[in-house]
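I open this notebook to record what I looked up in one structure. The entries go from whole-chain totals to single contacts.

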Amino acid sequence: MSSLAVTATSRSSAPAAVVYAALLDAESWPSWSSYYEVEWDLPAGVDRPARAGDRRTIYSRIGQVCCRERIVELVPDQRFSYEQAAGPFESHRGSVDLARVPDGGTDITWSAIYRHTLPLLDTLRRRRLQVLVDDLATYANSIVSRHS
């Protein structure tokens, strides 16, 4: 097995703050991604913003746990980084970087590194990451459109 680094980019007309908020809003993921549900793994009654060290569980459309992630870095409106805490790709580490562009939009770069991969999955992973970043940009655009 070899490693795989994948990078996908997209541009949103939304400000970086809107894109960043969408990434942290677990309840919005089913409306813009192929995931059925994303839950923050916080103790009952805890209501606070996400922070490094927090974990979340992502469920596939068929209702099964897809993966469990640990947040490793949060830089408001700039970066969201995570690593696989459990699941089929335990060596997966990803980062979503946001860069403001002069027209008021945001360039979104979603990168992932898989320490162990199988060549047959490489194309699927590349395609999946591009779909995710494009869907995030489209969702952020729709938020701006609704509030205009």
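**Entry 1, surface.** I take accessible areas from the Shrake-Rupley method with a 1.4 Å probe, and for residues only the protein chains shown count as cover. On that basis I note an accessible surface of about 8100 Å² for the chain, of which 53% belongs to carbon and sulfur atoms. I keep in mind that this is a predicted model, in which local features need pLDDT of at least 70 and side-chain atom pairs count only at pLDDT 80 or more, while totals for chains, interfaces and linings use all residues. Residues are numbered from 1 along each chain as its sequence is written, and side-chain values use heavy atoms, with hydrogens and water left out.

I looked up helices (DSSP runs of H or I, at least four residues) and strands (runs of E, at least two), both numbered from the N terminus. The chain holds 3 helices and 7 strands, and their order from the N terminus is β-α-α-β-β-β-β-β-β-α.

The buried residues of α3 are Asp122, Arg125, Leu129, Leu132, Val133, Leu136, Ala137, Tyr139, Ala140 and Ile143.

I define a nonpolar core as a set of buried Ala, Val, Leu, Ile, Met, Phe, Trp, Tyr and Cys residues joined through side-chain atoms within 4.5 Å. The largest such core has 33 residues, of which Val96, Ile108, Trp110 and Leu136 touch the most other members. At least two residues of this core come from each of β1, α1 (16–24), α2, β4, β5, β6, β7 and α3, and α3 gives the largest share, 8 residues.

I list Ala16, Val19, Tyr20, Ala22 and Leu23 as the buried residues of α1. Taking the arc from the directions between the helix axis and the C-beta atoms, I see that these buried residues fall within 155° when viewed down the axis of α1, so they line one face of the helix.

Which residues does Ala8 touch, not counting residues up to four places away in sequence? They are Ile108, Thr109, Trp110, Leu129, Gln130 and Val133. Ala8 is found in strand β1 and is buried, with a relative accessible area of 2%. The C-alpha atoms of Ala8 and Leu129 are separated by 6.1 Å, although the two residues are 121 apart along the chain.

I place Ser33 in the loop between α2 (29–32) and β2 (37–40). Ser33 counts as buried because its relative accessibility is 5%, and beyond its neighbours within four places in sequence it is in contact with Arg61 and Leu132.

I count a salt bridge where a side-chain nitrogen of Lys or Arg lies within 4 Å of a carboxyl oxygen of Asp or Glu, and the count comes to 7. Asp107 and Arg11 form one of them, at 2.6 Å from N to O; Asp107 lies in strand β7 (residues 106–117) and Arg11 in strand β1 (residues 2–12), 96 residues apart. Asp107 is partly exposed at 25% relative accessibility, and Arg11 is partly exposed at 49%.

The side chains of Glu69 and Arg56 also meet in a salt bridge, at 2.7 Å from N to O, and this pair links strand β4 (residues 65–75), which holds Glu69, with strand β3 (residues 55–59), which holds Arg56. Are Glu69 and Arg56 buried or exposed? Both are buried.

For Arg93 and Glu83, the closest N and O atoms of the salt bridge are 3.2 Å apart. Arg93 lies in strand β6 (residues 92–100) and Glu83 in strand β5 (residues 79–86), so the pair ties together parts that are 10 residues apart in sequence. I finally note that salt bridges with shared partners join Arg70, Glu83 and Arg93 into one network.

Key. Buried < 20%, exposed > 50% of the residue type's maximum accessible area, 1.4 Å probe, protein only. Contact = heavy atoms within 4.5 Å.
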